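Trainee: Please take a close look at the part of this protein around its active site. I would like to know what lies there and how it is put together.

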Amino acid sequence: MAIAFLKAHGTENDFVVLPDPDGDLDLTDSRVRALCDRRRGLGADGVLRVVRTRHVPDAPAGLDGDTWFMDYRNADGSRAEMCGNGVRVFARYLHDAALVPSAPGEVVEIPIATRGGMRPATVNADGTVTVNMGPVRVTGRSETTVGDARYPGLGIDVGNPHLACVVEGVADLDLTRQPGFDPEVFPRGVNLEFVEPVAPDEIRMRVHERGVGETRSCGTGTVAAAAAYLDARDHATGSVTVHIPGGTVQVTITPTTSTLTGPAVFVAQGTLTDDWWITHA
Ligand SMILES: N[C@@H](CCC[C@H](N)C(=O)O)C(=O)O
């Protein structure tokens with residue numbers, strides 16, 4: 001069987017990467033949960049399966065079948081539409097493994113399909129990756145609760161759902177439990193960002209991710225956080241530096257789209273044992 005894997009992270013939002021060009025892997029929810037388990041598996045916030053779009057039954061209609069598809073799974077086994085840190089890692093993998101055309105010294109845009117649509121990315125000369133994250137759609141206002149405290153926030157869709165709340169004292173929040181949210185507003189669940197300005201156009205963010213729990217970074221969340229920060233200043237566009245526990249990224253929001261720039265780091269590669277794979281079917 002010899003199933004190959006790589007371990008990678010983007011600002012410490014960590015992933016198991018599974019190359020599966022022909023869609024041969026039977027990646028069950030149970031196997032995703034086991035892979036992400038930090039004791040009985042490799043340990044990660046999510047899994048990125050690298051597969052051609054034609055082999056993904058739930059890929060959005062109209063995508064080219066040859067395009068590489070980022071099949072993203074949360075640590076609880078659920079599928080999500082998008083993962084911003086994941087796209088950076090995914091692009092870096094395609095680039096370094098020479099799975100996409102490139103010329104020495106040339107910055108080439110890599111088309112990447114996701115359940116949230118196309119998210120083209122470029123690997124920059126310094127090794128960082130810039131992802132075109134698509135338009136930022138404001139979906140309304142809602143609130144979250146952490147313990148007894150209520151925080152109003154801005155609902156934002158960047159392929160996946162977010163509620164970004166500008167608060168004071170981000171460092172002191174207890175995010176070890178699922179914060180409350182309105183299931184009528186977010187019937188598919190929601191990623192919750194807590195955002196604090198630290199300087200002009202510079203914010204600190206923590207996140208509780210749908211399907212994972214608190215993570216050290218969330219790329220789509222940083223875009224939502226930047227949008228909420230700008231909205232609080234009556235701006236719809238701008239460039240914001242976002243500090244998360246796992247590092248720093250740069251977000252730019254324009255009238256038509258948004259970009260996310262940050263690192264993509266590969267830690268290890270190896271092969272899963274057949275026994276382990278069979279046991280966790
Ligand atoms: N960590 C990701 C987001 C992953 C998906 C999210 N948990 C969801 O369910 O929508 C990112 O970097 O964007």
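Mentor: What follows begins with the annotated residues and then moves to their surroundings. The model is predicted, so local features are used at a pLDDT of at least 70 and side-chain atom pairs only at pLDDT 80 or more, while totals for chains, interfaces and linings take in all residues. Residue numbers start from 1 along each chain, in the order in which its sequence is written.

The UniProt record, an unreviewed entry, marks Cys-83 and Cys-218 as "active site". They are spread over 136 residues of sequence, yet they cluster in space, with a largest C-alpha distance of 7.5 Å. UniProt positions are given here in the numbering of this model, with feature names shortened, and such annotations may be inferred rather than shown by experiment.

Take Cys-83. It lies in the loop between β4 (68–74) and α2. Helices (H or I, at least four residues) and strands (E, at least two) are DSSP runs, numbered from the N terminus. Cys-83 is buried because 30 other C-beta atoms lie within 10 Å; the cut-off for buried is 20 or more such atoms within 10 Å, for exposed 12 or fewer, and partly exposed is in between, with C-beta atoms placed from the backbone. Apart from neighbours within four places in sequence, Cys-83 is in contact with Gly-46, Tyr-72, Gly-219 and Thr-220. Contact means that the C-beta atoms of two residues, placed from the backbone, lie within 7 Å.

Cys-218 sits in the loop between β15 (213–215) and α3. Cys-218 counts as buried because it has 33 C-beta neighbours inside 10 Å. Leaving out residues up to four places away in sequence, Cys-218 touches Asn-13, Asn-85, Asn-191, Val-207 and Glu-209.

Domain 1 covers 3–131 + 264–279 and domain 2 covers 137–256, with bounds from an automatic or database domain assignment. Their centres, taken over C-alpha atoms, are 24 Å apart. In the contact between the domains there are 20 residues from domain 1 and 18 residues from domain 2. On the domain 1 side, helix α2 (residues 84–96) gives the most, with three residues. That side divides into four nonpolar, 11 polar and five charged residues.

β12 (residues 161–166) has six of its six residues buried. Pro-161, Leu-163 and Cys-165 are buried on one face, and His-162, Ala-164 and Val-166 on the other. β12 runs antiparallel to β11 (residues 149–157), with four bridges; two strands pair if DSSP finds at least two bridges between them. One of the bridge pairs is Leu-154 with Ala-164. β11 and β12 make a hairpin with three residues between them, and Gly-159 in the turn has a positive phi of about 100°. Five bridges join β12 to β13 (residues 191–199), which runs parallel to it, and Cys-165 stands opposite Phe-194 there.

Notes
Ala, Val, Leu, Ile, Met, Phe, Trp, Tyr, Cys and Pro count as nonpolar, Asp, Glu, Lys and Arg as charged, and the others, Gly among them, as polar.
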